[in-house]
Amino acid sequence: MINLIGTYECKVDAKGRLMVPSALKKQLAPMMQDGFVIKRAVFQSCLELYPMEEWNVLMNRMNKLNRFKKKNVDFIRRFTAGVKTVEVDTNGRLLIPKDLIAFAGIEKEIVLSSAINIVEIWDKDKYENTIEASSDDFGDLAEEVMGNDDFDGVS
């Protein structure tokens with residue numbers, strides 16, 4: 001499992017290309033040849049960039065869902081809507097498909113934010129608004145999510 005680190009600001013050109021920041025590119029280097037999957041986020045209007053290995057782990061899990069249950073089929077369809085494979089080119093650029101740019105409301109300035117094993121891609125203003133809006137509740141959220149005693153020895 002990979003643990004990506006960092007938040008990076010960069011720009012998207014008119015064609016939807018972004019230059020992957022060198023610090024992030026260095027972390028992603030072992031995964032470059034396998035490529036990536038980019039998709040709509042489930043809970044926010046941002047995009048998620050999965051290294052192919054991480055995507056395959058997730059798809060193996062989803063493949064175990066019973067497809068004779070309507071809610072499972074509906075979930076799979078919605079989760080995979082707009083999914084595309086992408087690669088970082090030899091110049092270190094990543095092309096974001098136009099439909100996904102529209103979904104995330106990406107203008108020109110963006111934020112690439114590591115989220116453990118994936119990278120979230122945000123329009124900069126939306127990212128800052130989301131972080132700011134949730135800052136008051138973060139302490140409560142941290143306590144609820146991380147404050148239990150069920151953490152395998154982590155305190």
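The lining of the largest pocket divides into 6 nonpolar, 2 polar and 1 charged residues. Here Ala, Val, Leu, Ile, Met, Phe, Trp, Tyr, Cys and Pro count as nonpolar, Asp, Glu, Lys and Arg as charged, and the others, Gly among them, as polar. This is a predicted model: local features need pLDDT of at least 70, side-chain atom pairs count only at pLDDT 80 or more, and totals for chains, interfaces and linings use all residues. Residues are numbered from 1 along each chain as its sequence is written, and side-chain values use heavy atoms, with hydrogens and water left out.

A pocket is an open set of points on a 1 Å grid over the protein atoms alone, with protein on both sides within 12 Å along at least five of seven lines; a cavity is a set where a 1.4 Å probe fits but cannot get out; lining residues have an atom within 4 Å of a point. The largest pocket has a volume of about 320 Å³, the space filled by probe spheres set on the points, which are joined across faces, edges and corners. Helix H6 (138-146) gives the largest share of its lining, 5 residues. Helices (H or I, at least four residues) and strands (E, at least two) are DSSP runs, numbered from the N terminus.

The second largest pocket has a volume of about 220 Å³. Its lining holds 5 nonpolar, no polar and 4 charged residues. Among them are Lys39, Arg40, Asp74 and Arg78.

The largest cavity has a volume of about 50 Å³. Its lining has 11 nonpolar residues, no polar and no charged. Phe36 and Ile121 are among them.
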